[in-house]
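Here is a quick tour for someone meeting this structure for the first time. Have a look at the sequence and the model, then read on.

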Amino acid sequence: MERNKRTFDVLGQLGSLRRYARSLVRNADEAEDLVHDALVKAYERKASFRRGANLRTWLLSILHNAHIDRLRQKRSLNRRHEEAAVEFEPALPASQDHAVRLSQVRDAFFDLPEEQREALHLVAIEDLSYQEAASALGIPMGTLMSRIARARASLRNFEETAPKISHLRLIDGGGNENN
């Protein structure tokens, strides 16, 4: 029985799993999440581990597959967001200046930290009350209010510092530029 326990020594493989995960995702926090997901899957599938097989290889394979699953999920989510954005495109295209400005504002919104963007989206776009948004995110209302205040301050700062779109255009001088 002691030998059977040693054949499934997952703790001895943590170093390899963490190194490989960091190599895959290039972010320490995401790597830890990936290792955690892989270990949960390994534990759930412990019965499928063949006695005498290489535990390290088996765990690294599970980690790799978990990474691929995450990439597919991320691509799928991005595709759904892009498709949803297309549905909300106006029927008439905006003027070029307006389109550029909207793109800048959208980029500023997406550049907000994720927790601020989530909070602001729920309140400003989905029209949830602060209490509803706090419940949806599973955070205290004060935390939600703080995140929204920081997000709005960042967007105000963007508005104040962003270059304004000029309505002046350079036009051809009709060949008199050299006179």
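Which residue's side chain meets that of Asp107 in a salt bridge? The partner is Arg106, with 3.8 Å from N to O. A salt bridge here is a side-chain nitrogen of Lys or Arg within 4 Å of a carboxyl oxygen of Asp or Glu.

Before going further, some ground rules. This is a predicted model, in which local features need pLDDT of at least 70 and side-chain atom pairs count only at pLDDT 80 or more, while totals for chains, interfaces and linings use all residues. Residues are numbered from 1 along each chain as its sequence is written, and side-chain values use heavy atoms, with hydrogens and water left out.

**The overall layout**

The protein chain has eight helices and zero strands. Helices (H or I, at least four residues) and strands (E, at least two) are DSSP runs, numbered from the N terminus. Of the 179 residues, 22% are buried. Buried means under 20% relative accessible area, exposed means over 50%, and partly exposed lies in between (1.4 Å probe, protein chains only).

**The core**

The largest nonpolar core holds 19 residues, and Trp58, Leu59 and Leu63 have the most contacts inside it. Helices α2 (14–25), α3 (28–44) and α4 each give at least two residues to this core, with the largest share, seven residues, coming from α4. Such a core is a set of buried Ala, Val, Leu, Ile, Met, Phe, Trp, Tyr and Cys residues joined through side-chain atoms within 4.5 Å.

**Salt bridges**

The whole structure has four salt bridges, including these:

| Pair | N to O distance |
|---|---|
| Arg18 and Glu32 | 3.0 Å |
| Asp37 and Arg70 | 2.7 Å |
| Asp107 and Arg106 | 3.8 Å |

Arg18 sits in helix α2 and Glu32 in helix α3, so their bridge ties together parts 14 residues apart in sequence. As for Asp37 in helix α3 and Arg70 in helix α4, that pair in the table links distant parts of the chain, 33 residues apart.

**Two loop residues**

Most residues other than glycine have a negative phi. Arg26, though, has a positive phi near 55°. Arg26 belongs to the loop between α2 and α3 and is exposed, at 75% relative accessible area. Asp127 also has a positive phi, about 60°, without being a glycine. Asp127 is in the loop between α6 (114–125) and α7 (130–137), and counts as exposed because its relative accessibility is 65%.
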